[in-house]
Amino acid sequence: MTTSILPASKMTASRLDRRTPGQAVRFIRDHFLLLPLGAAIALVWANTAGESYFRFALAWAWPVNEIGMAFFVALIAQDVYEVVMPGGALHTWRYWALPMAGAVGGFVGAAMTFAAYVALVHEGPLLQAWPVACAVDVAAAYMVLRMIYPHRSRPLAFVLLLAVVTDVMVIAVATLNAPDFEFTPAAALLLLVALAMAAVMRRANVRSFLPYWLGPGTLSWLSFYLMGIHPALALVPIVPLLPHGPRPVDAFDDREDADPVHHSEHQWNEVAQLALFMFGLVNAGVIISHYDSGTWAVLIAALAGRPLGIIGGIGFAVAAGLSLPRGVRWRDVVVIALATTSGFTFALFVTTAVLPIGAVSSQITLGALLTAVGAGVTFLVAWQTGAARFGHRKAA
């Protein structure tokens with residue numbers, strides 16, 4: 001037996017010294033805080049040493065936006081697929097109808113609010129940016145609700161599906177309106193070959209993700225690039241053909257154990273987190289003085305138009321005969337709607353996809369960054385209404 005020469009208090013301090021940095025890193029990773037960290041660095045850099053920042057951003061924009069972000073988008077797609085597959089938290093149609101009604105309502109509400117504000121201020125060129133106002137940061141919405149509802153899975157599943165359906169509609173609109181979009185038979189054939197390769201690998205029980213990305217993933221990326229579709233979406237068609245395990249509760253649980261699939265998922269998550277940090281660093285650097293009508297249009301659409309649209313869409317569906325999930329009350333619906341107000345990650349992504357670099361892009365980017373205040377608004381309303389973990393305080 002080996003006896004430590006350190007007193008108990010020093011042993012405890014030593015363990016804390018060893019564990020605290022690791023715990024901090026895990027907290028940042030698990031809560032997707034690398035993106036806001038990169039965005040904060042970019043904002044400071046752009047406003048203090050603008051020339052060097054914009055040289056850096058210009059040099060790294062293409063590999064980060066077109067290649068790196070493909071891993072993050074695929075990560076979200078994979079997590080969502082695993083919660084809707086048999087055994088997952090959303091694997092019944094009863095979970096789908098109401099969130100989908102809310103998603104449509106929120107999409108329409110954000111789009112109409114953005115368009116109305118643009119018309120009011122007579123800034124027609126800004127109208128091309130309306131898909132940005134509809135985008136929802138899936139991870140941010142999920143993490144905010146997980147902190148408000150730590151022991152209830154239904155609100156988490158509800159907001160996850162609502163956010164994903166919204167972003168699917170945004171992607172569809174942005175793709176169809178992209179100036180470079182052009183369907184070509186050769187590119188479509190590449191995509192079919194990619195899917196066939198992935199299916200063969202799945203049948204052969206390939207358990208690591210890397211072969212899927214190197215083979216089918218590369219072909220799918222080339223297909224999207226040739227058709228003018230944002231290549232960051234290229235891995236999404238491959239996701240259903242990956243090895244999977246259902247997620248009954250936590251959609252973003254980063255599992256690491258002896259299972260080769262889970263180990264591969266863990267490694268992939270590390271790559272996606274690095275891509276998020278670089279994405280924030282490359283795209284969030286705007287001069288603070290560059291706010292204008294586009295900034296306010298995005299903010300008003302996200303903070304007012306979307307939540308009102310979501311509540312209206314759900315109210316219409318309930319009036320048509322659907323029921324709120326058991327344990328979910330109308331105050332929870334309000335909190336869920338407010339949790340979607342942050343566009344952040346996905347709004348920045350859509351901005352890079354639909355807008356060229358310039359004055360309009362700067363205004364919209366700043367508005368997308370400022371939608372992060374929606375998280376604070378959500379916590380405030382949850383506290384005021386006594387939702388979930390704040391219930392005992394309201395009763396007191």
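Two residues are in contact when they have heavy atoms within 4.5 Å of each other. The structure treated here is a predicted model, in which local features need pLDDT of at least 70, side-chain atom pairs count only at pLDDT 80 or more, and totals for chains, interfaces and linings use all residues. Residues are numbered from 1 along each chain as its sequence is written, and side-chain values use heavy atoms, with hydrogens and water left out.

**Exercise 1. The chain as a whole**

Solution: Begin with the contacts that have a separation of 6 or more, of which 80% are made by residues 24 or more positions apart. Next come the helices (H or I, at least four residues) and the strands (E, at least two), which are DSSP runs numbered from the N terminus; the chain has 16 helices and zero strands. Last, take burial, where buried means under 20% relative accessible area, exposed means over 50%, and partly exposed lies in between, with a 1.4 Å probe and protein chains only. Of the 396 residues, 48% count as buried.

**Exercise 2. Helix α11 against helix α12**

Task: At what angle do α11 and α12 pack, and which residues make the contact?

Solution: Two packed helices are described by the angle between their axes and the distance between the axes. The axes are lines fitted to C-alpha atoms, for helices over the stretch in contact, and the angles run from 0 to 180 degrees between N-to-C directions. For α11 (residues 293-319) and α12 (residues 330-339) the angle is about 140°, and the axes are 8 Å apart. Angles under 35 degrees count as roughly parallel, over 145 as roughly antiparallel, 65 to 115 as roughly perpendicular and the rest as oblique, and α11 and α12 are therefore oblique to each other. On the side of α11, the contact is made by Pro307, Ile310, Ile311, Ile314, Gly315 and Val318, while α12 brings Trp330, Val333, Val334, Ala337 and Leu338. To sort these residues, count Ala, Val, Leu, Ile, Met, Phe, Trp, Tyr, Cys and Pro as nonpolar, Asp, Glu, Lys and Arg as charged, and the others, Gly among them, as polar. The contact of α11 with α12 then has ten nonpolar, one polar and no charged residues.

**Exercise 3. Helix α11 against helix α14**

Task: Describe the packing of α11 with α14, and then follow Leu299.

Solution: The axes of α11 and α14 (residues 359-370) are 7 Å apart and meet at an angle of about 35°. In this contact, Ser293, Gly294, Thr295, Val298 and Leu299 of α11 meet Gln363, Ile364, Leu366, Gly367, Ala368 and Leu370 of α14. By class, the residues of the contact of α11 with α14 are six nonpolar, five polar and no charged. Now turn to Leu299, which lies in helix α11 and is buried, with a relative accessible area of 11%. Leaving aside residues up to four places away in sequence, Leu299 touches Ala304, Gly367, Leu370 and Thr371. Although Leu299 and Leu370 are 71 residues apart along the chain, their C-alpha atoms are separated by 7.0 Å.

**Exercise 4. Aromatic pairs**

Task: How many aromatic pairs does the whole structure hold, and how are the rings of Trp221 and Tyr225 arranged?

Solution: Rings of Phe, Tyr and Trp (its six-membered ring) pair if their centres lie within 6.5 Å, and planes under 30 degrees apart count as stacked, over 60 as edge-to-face and the rest as tilted. A search of the whole structure finds ten aromatic pairs. The rings of Trp221 and Tyr225 have centres 5.2 Å apart and planes at 5°, so this pair is stacked. These two residues are four residues apart in helix α9 (residues 210-227), and are thus separated by about one helical turn. Trp221, at 16% relative accessibility, counts as buried, whereas Tyr225, at 43%, counts as partly exposed. Ring pairs also link Trp45, Tyr53, Phe54, Phe56 and Trp60 into a cluster.

**Exercise 5. Helix α13**

Task: How many residues of α13 are buried, and what is the phi of Phe344?

Solution: Helix α13 is mostly covered, since nine of its eleven residues are buried, among them Thr345, Ala347 and Leu348. Phe344, which is placed in helix α13, has a relative accessible area of 10% and is buried. The phi of Phe344 is positive, at about 20°, although this residue is not a glycine.
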